[in-house]
Amino acid sequence: MKNILRRLGGLFRFLGLWAGIGGTYAALGNTCPCCGRAGCPVGLSLAVLLGAIGSALINFGRNWLGSLQRWIKKITSPFGTTNR
């Protein structure tokens with residue numbers, strides 16, 4: 001039960017940040033990169049996309065950076081040994 005609540009909490013945090021970042025970007029003078037009008041579906045989809053990317057970086061960025069750092073250490077160390 002705790003595992004389910006923990007996953008739901010993470011999902012709600014992701015969705016809340018997504019809505020917050022995307023909504024803020026859309027509300028603060030977002031214009032379409034193609035036509036220059038506010039409220040264009042292309043501009044709105046860009047706001048949604050940037051909100052999702054920002055939310056993912058906030059929620060999962062540390063894990064992604066840590067795994068990337070371990071992978072770089074693994075491929076750059078001689079004979080598979082890690083430098084610690």
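Predicted model: local features only at pLDDT ≥ 70, side-chain atom pairs only at ≥ 80, totals over all residues.
**How the two helices cross**

Helix α1 covers residues 2-27 and helix α2 covers residues 41-76; the two pack at an angle of about 135°, with axes 7 Å apart. That is why α1 and α2 are oblique to each other.

A word on the terms: helices (H or I, at least four residues) are DSSP runs numbered from the N terminus. Axes are lines fitted to C-alpha atoms, for helices over the stretch in contact, and the angles run from 0 to 180 degrees between N-to-C directions.

**Where the helices meet**

Which residues of α1 meet α2? They are R13, F14, L17, W18, I21, G22, Y25 and A26. On the α2 side, their partners include L46, L50, S55, I58, N59 and F60. By class, this contact has 14 nonpolar, five polar and one charged residues (Ala, Val, Leu, Ile, Met, Phe, Trp, Tyr, Cys and Pro count as nonpolar, Asp, Glu, Lys and Arg as charged, and the others, Gly among them, as polar).

**Two residues at the meeting place**

S55 lies in helix α2. Is S55 buried or exposed? S55 is buried, with a relative accessible area of 0% (buried means under 20%, exposed over 50%, partly exposed in between, with a 1.4 Å probe and protein chains only). Leaving aside neighbours within four places in sequence, S55 is in contact with F14, L17, W18 and I21, where contact means heavy atoms within 4.5 Å.

Not counting residues up to four places away in sequence, L17 touches S55, I58 and N59. L17 and V42, by comparison, are 25 residues apart in sequence and 21 Å apart in space, C-alpha to C-alpha.

**A cluster of rings**

How many aromatic pairs does a search of the whole structure find? It finds three. Rings of Phe, Tyr and Trp (its six-membered ring) pair if their centres lie within 6.5 Å; planes under 30 degrees apart count as stacked, over 60 as edge-to-face, and the rest as tilted. F14 and F60 form a tilted pair, 6.2 Å centre to centre with 35° between the planes. Because F14 lies in α1 and F60 in α2, this pair ties together parts that are 46 residues apart in sequence. F14 is buried, with a relative accessible area of 17%, while F60 is partly exposed at 37%.

F60 also pairs with W64, again tilted: 6.0 Å centre to centre and 40° between the planes. F60 and W64 are four residues apart in helix α2, so about one helical turn separates them. W64 is partly exposed, with a relative accessible area of 46%. Together, F14, W18, F60 and W64 form one aromatic cluster.

**The loop in between**

P33 sits in the loop between α1 and α2 and is exposed, with a relative accessible area of 58%. Beyond its neighbours within four places in sequence, P33 is in contact with V42, G43 and L46. P33 and L65 are 32 residues apart in sequence and 30 Å apart in space, C-alpha to C-alpha.

**Reading the numbers**

Residues are numbered from 1 along each chain as its sequence is written, and side-chain values use heavy atoms, leaving out hydrogens and water. Local features need pLDDT of at least 70 and side-chain atom pairs count only at pLDDT 80 or more, while totals for chains, interfaces and linings use all residues.

How values were computed: Parallel < 35°, antiparallel > 145°, perpendicular 65-115°, else oblique.
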